[in-house]
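Trainee: I have a new structure to look at, and I would like to learn how to read it with you. Shall we go through it together?

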Amino acid sequence: MSKLTPRQQEAATVPTYAQYRSLIPPLSSGLHKGQGGRVGILGGSAEYGADICHIICDEDAATTIKSYSPDLIVHPYIKIRATTDCDDEKKTKKIWTQTFDDICAVLKRIHVLVVGPGVSRDKGMLQCAKHAIEVAKELDIPIVIDADGLYLIQHEPDLVQGYTKAVLTPNVAEFDRLCNAKNVDTDDEDSDEPAVQRLSKAFGGVVVIQKGHNDVISDGKTLCTVANEGGLKRSGGQGDILTGLIATSLAWGTAYEKGVWSHSHPVSSEDIALIACFGACVLNRECSRVAYEKYKRSVQSSDVVQEIGGVFTIFYDKARPNADWGEALYG
C-alpha cells in the first residue's frame with residue numbers, strides 16, 4: 001500500500017514547483033538538436049518531450065514500432081529469432097557479440113536509458129536488458145526501470161545495487177515482489193519509515209516510485225508524496241506514459257547539470273533525480289485527469305498522451321516561475 005501513517009506523512013516533503021521548473025530547458029535558438037535530452041529505450045515505448053528518442057528492439061518488432069511515429073529512431077539490433085533458430089554455437093556467439101556492441105554504441109549517444117516496456121521475459125531480451133544496464137552504469141547515465149525490467153531486478157537486485165541514478169517504478173504487485181527480494185517488511189506500520197523508503201535504502205539509495213492512489217517516492221533519505229488528482233480510469237499504457245515523462249525529466253536534469261543553458265544551479269546534483277521524478281508524477285496525474293474529464297470511461301492511454309502539450313503550456317509557459325504547484329497546474 002502507498003498509504004502512509006500520520007507519522008510517516010509528517011516526515012514527507014514536497015519539492016517546489018520552482019525547483020522542477022529550473023530543470024526544464026528553455027526553448028532557445030542557442031540550443032541545438034539533442035541538447036534538450038536524448039532518451040534510449042530498450043524494449044519499446046514512446047518519448048514525450050526530449051529532443052531525440054532511440055528505440056533498441058528485436059528486429060521482428062522494428063517495423064511495428066517505427067510505424068508508431070516517424071520521430072522515433074529505431075535500432076533493430078536484437079536478433080532473438082536468429083539466435084534461437086541457429087544451431088551453430090560459434091555463429092550464435094558472434095551474433096550476440098555484435099548485438100552487445102551495437103547496444104553499447106547507442107548508449108554512448110544518450111542521456112537516459114529506459115529498460116522494461118516491451119522487453120518481455122524472453123531470456124535473450126532479458127540478457128540484453130542486463131547488458132544495457134551494466135553499460136549505462138559504466139557511462140554514469142540515469143536508468144529508468146519499469147515493467148519486465150523490474151522482473152529482472154527482482155531476480156538480480158545487484159544489477160542496480162548502490163546505483164543512485166537508477167529509478168524503479170513498481171506498481172502494487174511489483175513493489176511487493178521487490179520488497180520480498182530485499183527482505184523488506186511491507187506490513188511494519190510501526191516503523192518511522194514507510195516500506196518505499198526502506199526499500200530504497202535496501203537498494204543502496206536508488207529512487208523508488210511506489211505507484212498507487214498517491215505516488216510515494218524516496219531515495220532512502222527523503223520521502224515525497226504526489227497527491228494531485230488523476231483520472232479515475234486506468235487503462236493499459238498509462239504506466240509507459242509515466243516512464244516516458246520520468247525519462248524526459250531526467251534527461252532535462254542531465255542537461256541542467258551539464259550547464260547546457262545558463263542558470264544559477266538552484267538544485268543540487270544529488271537532488272535532481274528525486275525532483276525530476278516528482279515533477280513527472282505530477283504531470284502524469286494532471287494529464288490523466290484532463291483526459292478523463294473529456295472521455296470518462298472511454299478514456300485510453302493515447303488520449304492521455306494527447307493532453308501532454310496542452311497541460312505543459314499551462315504548467316510551464318503560462319505559470320509564474322515562482323508559482324506553487326496548484327497555480328502551475330490549474331492556472
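Mentor: Gladly, and we begin with a definition: helices (H or I, at least four residues) and strands (E, at least two) are DSSP runs, numbered from the N terminus. This is a predicted model, where local features need pLDDT of at least 70, side-chain atom pairs count only at pLDDT 80 or more, and totals for chains, interfaces and linings use all residues. Residues are numbered from 1 along each chain as its sequence is written, and side-chain values use heavy atoms, with hydrogens and water left out.

Trainee: In which helix is Q8 found?
Mentor: Helices are numbered from the N terminus. The one that spans residues 6–11 and holds Q8 is helix α1.

Trainee: Is Q8 buried or exposed?
Mentor: Buried means under 20% relative accessible area, exposed over 50%, and partly exposed in between (1.4 Å probe, protein chains only). The relative accessible area of Q8 is 4%, so Q8 is buried.

Trainee: Which residues does Q8 touch, not counting residues up to four places away in sequence?
Mentor: A contact means heavy atoms within 4.5 Å. With residues up to four places away in sequence left out, Q8 touches S191, D192, E193, P194 and L223.

Trainee: How many helices and strands are there in the chain?
Mentor: Both kinds of element are counted as DSSP runs. The count for the chain is 14 helices and nine strands.

Trainee: Why is the chain as compact as a globular protein of that length?
Mentor: The radius of gyration is taken over C-alpha atoms, and the globule rule is 2.2 Å times the number of residues to the power 0.38. For 331 residues that rule gives 20 Å, and the chain is as compact as a globular protein of that length because its radius of gyration is close to this, at 20 Å.

Trainee: What percentage of the residues in the chain is buried?
Mentor: Here the whole chain of 331 residues is considered. Buried residues make up 56%.

Trainee: Which kind of aromatic pair do W96 and F100 form?
Mentor: Rings of Phe, Tyr and Trp (its six-membered ring) pair if their centres lie within 6.5 Å; planes under 30 degrees apart count as stacked, over 60 as edge-to-face and the rest as tilted. The structure holds eleven aromatic pairs. In the one formed by W96 and F100, the distance is 5.8 Å centre to centre and the angle between the planes is 35°, and the pair is tilted.

Trainee: How many helical turns separate W96 and F100?
Mentor: W96 and F100 both belong to helix α5 (residues 89–107). Because they are four residues apart in that helix, the separation is about one helical turn.

Trainee: How far apart in space are A319 and Y17, C-alpha to C-alpha?
Mentor: A319 is in the loop between α13 (308–317) and α14 (325–330), and Y17 is among the residues that A319 touches. In sequence A319 and Y17 are 302 residues apart, while in space their C-alpha atoms are separated by 9.9 Å.

Trainee: Which aromatic cluster includes Y17?
Mentor: Y17 belongs to one aromatic cluster. Its members are Y17, Y20, W252, F278, F312, F315, Y316 and W325.

Trainee: What is the phi of S120?
Mentor: S120 sits in the loop between β4 (112–115) and α6 (123–139), and at 30% relative accessibility it counts as partly exposed. Although S120 is not a glycine, its phi is positive, at about 70°.
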